[in-house]
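Here is a walk through a protein structure, told in short steps. Keep the sequence and the 3D view open as you read.

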Amino acid sequence: MSILVIADHENDALGSATLSTLNAAQQIAAKGGGDIHVLVAGKGCAEAAKAAQTLPEVKKVLLADSEEYDHLLAENVAPLVVKLAEGYDYVLAGSATFGKNVLPRAAALLDVQPISDIVAVESGDTFVRPIYAGNALSKVQSGDAKKLISVRGTAFDAVPAEGGSAELETLEGTGDSGLSSHVGSELTQSERPELTTARVVISGGRGMQSGDNFVILERVADKLGAALGASRAAVDAGFVPNDYQVGQTGKVVAPELYIAVGISGAIQHLAGMKDSKVIVAINKDEEAPIFQVADYGLVADLFEAVPELEKALDQ
Amino acid sequence: MKVLVAVKRVIDAYVKVRVKSDGSGVETANVKMSMNPFCEIAVEEAVRLKEQGIASEVVVVSCGPQVNQETIRTALAMGADRGILVQSDEELQPLGIAKLLKSVVEKEQPDLVLLGKQAVDNDFNQTGQMLSALLGWSQGTFASKIEQQDGKLRVTREIDGGLETLDLATPTIVTADLRLNEPRYASLPNIMKAKKKPIETIEAEELGLDIAPRLKVLNVSEPPARQAGVRVESIADLVDKLKNEAKVI
Ligand SMILES: Cc1cc2nc3c(=O)[nH]c(=O)nc-3n(C[C@H](O)[C@H](O)[C@H](O)COP(=O)(O)OP(=O)(O)OC[C@H]3O[C@@H](n4cnc5c(N)ncnc54)[C@H](O)[C@@H]3O)c2cc1C
Ligand SMILES: Cc1cc2nc3c(=O)[nH]c(=O)nc-3n(C[C@H](O)[C@H](O)[C@H](O)COP(=O)(O)OP(=O)(O)OC[C@H]3O[C@@H](n4cnc5c(N)ncnc54)[C@H](O)[C@@H]3O)c2cc1C
């Protein structure tokens with residue numbers, strides 16, 4: 001019995017998703033799942049593999065550092081996962097866009113029905129996952145011999161990145177499928193913490209009226225060390241890039257403090273933030289549904305309230 | 001090029017779903033059903049490709065019970081040419097659906113299959129990737145832009161860090177994200193016209209595939225409800241509460 005965790009990484013470091021996925025792996029291991037191995041696939045990702053060697057309770061790190069894994073194209077990574085899966089009972093990945101792209105592809109090739117976005121491990125074959133934008137929780141039992149699982153990061157605490165001393169094994173590449181090629185990326189550059197792991201998130205909605213107005217949220221974010229998020233309406237309107245979107249079909253966040261500004265609180269938005277520890281809503285409409293989930297609600301015009309908040313934080 | 005679009009019938013995205021008291025699922029009786037919003041986007045993209053003269057024919061497929069014909073009709077009213085219902089009254093899961101869709105693809109030989117990136121009921125986000133794997137094709141998931149590039153399809157994808165552009169060999173699979181387009185409303189004349197468009201029915205059973213569910217739902221429950229908190233009167237009050245009561249700043 002053994003577990004393979006597919007690492008999320010940025011070549012020189014592990015992504016935060018890896019640490020929470022490993023927590024889920026440890027829970028499965030504790031229920032009889034066996035040893036944990038971590039796969040680091042990519043091009044020029046030796047540093048990330050080194051970081052993975054220090055993860056607690058990891059026996060072995062598999063490094064697949066090869067040209068065809070550059071940009072982690074699903075068509076090239078899935079065959080590697082399929083080949084490795086032979087030796088494992090569980091294959092886990094984070095529910096980030098990488099995991100969502102690759103895991104189902106590998107699962108289909110293995111004739112396995114994967115289990116997406118689990119939020120709890122009940123036993124070796126039973127898991128809980130949210131359905132209907134988190135309005136219901138479904139407890140499912142897998143009848144497949146192998147289990148391919150993606151893990152919702154906010155539902156499992158990150159394990160410490162230290163404490164282990166795994167051995168390293170280097171793998172051969174599985175070749176280029178020739179089916180797809182990477183043309184370019186437009187990644188959002190930001191000095192701020194990552195949205196999905198930030199301790200504080202401040203999000204703006206359609207009420208912000210323009211992208212320029214997000215400056216007032218940025219000023220507050222700077223004071224609080226917060227990440228910036230947005231509703232779908234704000235992204236669709238072009239105020240901010242797509243990777244800011246919080247919600248059912250965007251990112252799921254669960255920070256200590258979530259501040260929703262000019263956001264009405266549609267169920268699809270709540271799906272991405274309602275597990276935050278403390279929720280603050282600033283909205284001029286006292287009937288806005290966001291107030292039903294807010295710990296602290298302020299009925300106010302955001303263009304007055306937000307600059308005032310920025311000043312108050314100085315005191 | 002020929003385009004196939006897979007569409008799913010789901011509880012309308014704006015309905016607040018209720019969990020059944022016996023824990024067997026969610027209430028579906030007398031609940032408004034609609035086409036999955038991501039599938040609408042996929043249909044819209046296919047129809048636009050046809051309007052631009054890039055697509056020659058748009059075929060819509062849905063897997064499930066007879067009522068899925070309604071969803072197919074909606075797509076036909078948006079501008080698709082004909083429909084296929086893969087009829088099954090059994091519970092279908094993404095792996096099974098991918099197998100059914102594969103057999104439709106083998107019969108129809110499309111150059112592009114469009115799907116939604118996820119269905120808003122089960123939120124699996126799997127079917128397109130699995131279909132692509134079974135066919136051994138390329139995949140462009142979470143697409144926000146599609147362009148034809150001599151013999152290839154150039155797809156811009158929404159990923160965690162921003163956007164990524166890939167060139168895909170055709171035939172290929174693309175799954176639609178929210179910003180690919182804004183779906184149209186079908187006009188009344190087009191709804192009337194859609195009634196005359198053909199829908200073929202294929203019995204899922206007759207395809208002889210292993211589509212039995214692999215996941216068993218043991219229980220469906222309501223997530224813990226969040227208590228509404230308090231209203232604060234001013235920013236000063238708010239900052240005080242965040243500092244001294246919630247202790248989060
Ligand atoms: C399939 C599907 C998936 C979706 N996925 C997501 C998702 O992942 N994430 C998401 O967020 N949404 C998602 N949505 C969209 C969602 O249904 C809502 O449309 C969206 O969240 C609304 O965004 P909003 O609250 O910013 O805008 P609105 O609903 O328009 O709300 C704007 C709010 O700003 C307030 N306001 C305006 N001016 C001011 C001011 N000066 N001061 C204070 N308050 C002000 C208004 O009172 C209002 O409450 C999805 C929808 C569908 C159908
Ligand atoms: C635990 C469990 C319980 C279920 N219970 C029921 C039930 O009681 N009744 C029932 O009818 N179904 C049931 N289903 C099936 C379920 O409703 C979905 O059809 C199936 O799981 C696909 O999941 P998804 O739509 O979330 O996939 P996703 O991978 O999120 O769907 C992505 C895209 O795939 C395409 N697609 C998905 N489904 C279809 C389809 N049927 N036809 C054509 N294209 C499609 C669409 O383009 C869609 O946008 C159950 C599934 C599971 C796993």
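Helices (H or I, at least four residues) and strands (E, at least two) are DSSP runs, numbered from the N terminus. This is a predicted model, in which local features need pLDDT of at least 70 and side-chain atom pairs count only at pLDDT 80 or more, while totals for chains, interfaces and linings use all residues. Residues are numbered from 1 along each chain as its sequence is written, chains are lettered from A and ligands numbered from 1 in the order in which they are written, and side-chain values use heavy atoms, with hydrogens and water left out.

Start with chain B as a whole. It has six helices and 13 strands. Its C-alpha atoms fill a box of roughly 65 × 45 × 40 Å along the principal axes. Of its 249 residues, 54% count as buried. Buried means under 20% relative accessible area, exposed means over 50%, and partly exposed lies in between (1.4 Å probe, protein chains only).

Now find Arg129(A). This residue lies in strand S7 (residues 126-131) of chain A. What is the nearest side chain of opposite charge to Arg129(A)? It is Asp117(A), 5.9 Å away. Arg129(A) is buried yet has no salt bridge. A salt bridge is a side-chain nitrogen of Lys or Arg within 4 Å of a carboxyl oxygen of Asp or Glu. Lys and Arg count as positive and Asp and Glu as negative; His and the chain ends are not counted. The side chain of Arg129(A) does have backbone oxygens beside a polar atom. The oxygen of Ser116(A) lies 2.8 Å away. The oxygen of Asn122(B) also lies 2.8 Å from a polar atom of this side chain.

Next come the salt bridges. The structure holds 35 of them over all chains. In chain A, Asp236(A) and Arg232(A) meet in one, at 2.8 Å from N to O. These two are separated by about one helical turn, because they are four residues apart in helix H6 (residues 232-236). Asp236(A) is partly exposed, at 37% relative accessible area. Arg232(A) is partly exposed too, at 35%.

Glu256(A) forms a salt bridge with Lys277(A), with the closest N and O atoms 4.0 Å apart. This pair links distant parts of the chain, 21 residues apart. Glu256(A) sits in the loop between H6 and strand S14 (257-261), and Lys277(A) in the loop between helix H7 (267-270) and strand S15 (278-283).

Glu44(B) and Arg48(B) meet in a salt bridge of 2.7 Å, N to O. Both belong to helix H1 (residues 37-51), four residues apart, so about one helical turn separates them. Is Glu44(B) buried or exposed? Glu44(B) is buried, at 2% relative accessibility. Arg48(B) is partly exposed, at 30%. Salt bridges that share partners also join Lys2(B), Glu57(B), Arg82(B), Lys107(B), Glu108(B) and Glu200(B) into one network.

Finally, look at the backbone. A cis peptide bond joins Thr170(B) and Pro171(B), with omega about 0°. Pro171(B) is in the loop between strand S9 (162-169) and strand S10 (172-176). Gln209(A) has a positive phi near 70° although it is not glycine. Gln209(A) is in the loop between strand S12 (200-204) and helix H5 (214-224) of chain A, and counts as exposed at 58% relative accessibility. Lys247(B), also not a glycine, has a positive phi of about 55°. Lys247(B) lies in the segment after helix H6 (235-244) of chain B, and is exposed at 61%.

Definitions and conventions
Polar contact = N/O pair within 3.5 Å; in protein donor to acceptor, adjacent residues only side chain to side chain.
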